[in-house]
Amino acid sequence: MNLFDAHSIVSELGLAGVLAIIFAETGLLVGLAFPGDSLLFIAGVAASGSGAAILGGASLNPVLLFALSPFAAVIGSTVGYWFGEKYGRKLFDRPDGRIFNHHKVAATEKWLTKYGIGKALVLARFVPFVRTLINPMCGVIGLDKKQFRLWNIVGGVLWTELVIGLGYILGDVLKGSV
């Protein structure tokens with residue numbers, strides 16, 4: 001079992017594994033190396049009509065995948081925000097930390113100001129590494145919870161549904177060639 005390989009997660013852990021990785025990648029700092037986009041794409045293929053044939057028997061229930069993935073992403077990000085709000089200052093105020101330092105906090109504030117909170121939080125979903133760090137950073141800087149909640153939901157739904165949907169469509173397109 002390889003937690004860093006999307007196909008392995010889908011084929012060996014199924015829907016529960018996909019949801020757990022989405023949650024961990026968006027909410028836990030250990031999720032930095034998990035395969036978010038590729039996992040969602042492969043999960044979409046596995047949920048398509050030809051998923052099992054394309055992926056060597058791996059298939060997922062499309063209704064459950066499309067319905068539950070946004071929840072995993074939104075809840076994970078909410079946990080990340082809470083973690084940053086509760087413990088972040090202690091973790092990110094260290095001047096010598098490689099990943100967790102005050103420079104990252106300042107960069108996050110600058111990014112949110114430059115793009116606007118909504119656009120920044122939605123776009124962050126599509127950028128690995130940023131997708132994981134933006135949520136606790138928003139908690140650290142004290143971003144308004146209502147704004148975070150709104151854009152977290154919008155970003156989580158768009159990210160999961162679009163990437164899964166692309167995989168699902170490709171799986172159906174490939175159905176005739178398998």
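User: Leaving aside neighbours within four places in sequence, which residues is Leu3 in contact with?

Analyst: Contact means that heavy atoms lie within 4.5 Å. Beyond its neighbours within four places in sequence, Leu3 is in contact with Ile9, Leu13, Ile21, Phe34 and Pro35. Please note that this is a predicted model, in which local features need pLDDT of at least 70 and side-chain atom pairs count only at pLDDT 80 or more, while totals for chains, interfaces and linings use all residues. Residues are numbered from 1 along each chain as its sequence is written, and side-chain values use heavy atoms, with hydrogens and water left out.

User: Why is Leu3 called partly exposed?

Analyst: A residue is buried under 20% relative accessible area, exposed over 50%, and partly exposed in between, using a 1.4 Å probe and protein chains only. Leu3 has 36% relative accessibility, so it counts as partly exposed.

User: What makes Gly14 count as buried?

Analyst: Gly14 lies in helix H1. Its relative accessibility is 16%, and therefore Gly14 is classed as buried. Leaving aside neighbours within four places in sequence, Gly14 is in contact with Ile9 and Leu60. Gly14 and Ser59 are 45 residues apart in sequence, yet 7.7 Å apart in space, C-alpha to C-alpha.

User: How do you know that helix H1 falls short of the span of a straight helix?

Analyst: Helices (H or I, at least four residues) and strands (E, at least two) are DSSP runs, numbered from the N terminus. The expected span of a helix is 1.5 Å times one less than its number of residues. For the 22 residues of H1 (residues 6–27), a straight helix would reach 32 Å, but the end C-alpha atoms are only 18 Å apart. There is also a kink of about 130 degrees in H1, centred on Leu13. The bend at a residue is the angle between axes fitted to the seven residues ending there and the seven starting there.

User: Why does the span of helix H2 agree with expectation?

Analyst: H2 (residues 36–47) has 12 residues, which should span 16 Å; its end C-alpha atoms are 16 Å apart, so the two values agree.

User: What makes H2 mostly covered?

Analyst: Nine of the 12 residues in H2 are buried. Among them are Leu39, Leu40, Ile42 and Val45.

User: How many helices and strands does the protein chain have, and why is it called as compact as a globular protein of its length?

Analyst: The protein chain has eight helices and zero strands. Its radius of gyration is 17 Å, close to the 16 Å that the globule rule gives for 178 residues, so the chain is as compact as a globular protein of that length. The radius is taken over C-alpha atoms, and the rule is 2.2 Å times the number of residues to the power 0.38. Buried residues make up 46% of the 178.

User: How many aromatic pairs does the structure hold, and what makes the pair of Phe66 and Tyr168 edge-to-face?

Analyst: The structure holds four aromatic pairs. Rings of Phe, Tyr and Trp (its six-membered ring) pair if their centres lie within 6.5 Å; planes under 30 degrees apart count as stacked, over 60 as edge-to-face and the rest as tilted. Phe66 and Tyr168 are 5.7 Å apart, centre to centre, with 80 degrees between their planes, and the pair is edge-to-face. It links distant parts of the chain, with Phe66 in helix H4 (residues 62–92) and Tyr168 in helix H8 (residues 145–174), 102 residues apart. Trp82 and Tyr87 also form an edge-to-face pair, at 5.8 Å centre to centre and 85 degrees between the planes. Ring pairs link Trp82, Phe83 and Tyr87 into a cluster.

User: Why are Trp82 and Tyr87 called partly exposed?

Analyst: Trp82 has 42% relative accessibility and so counts as partly exposed. Tyr87 has 34%, and therefore it too is partly exposed.
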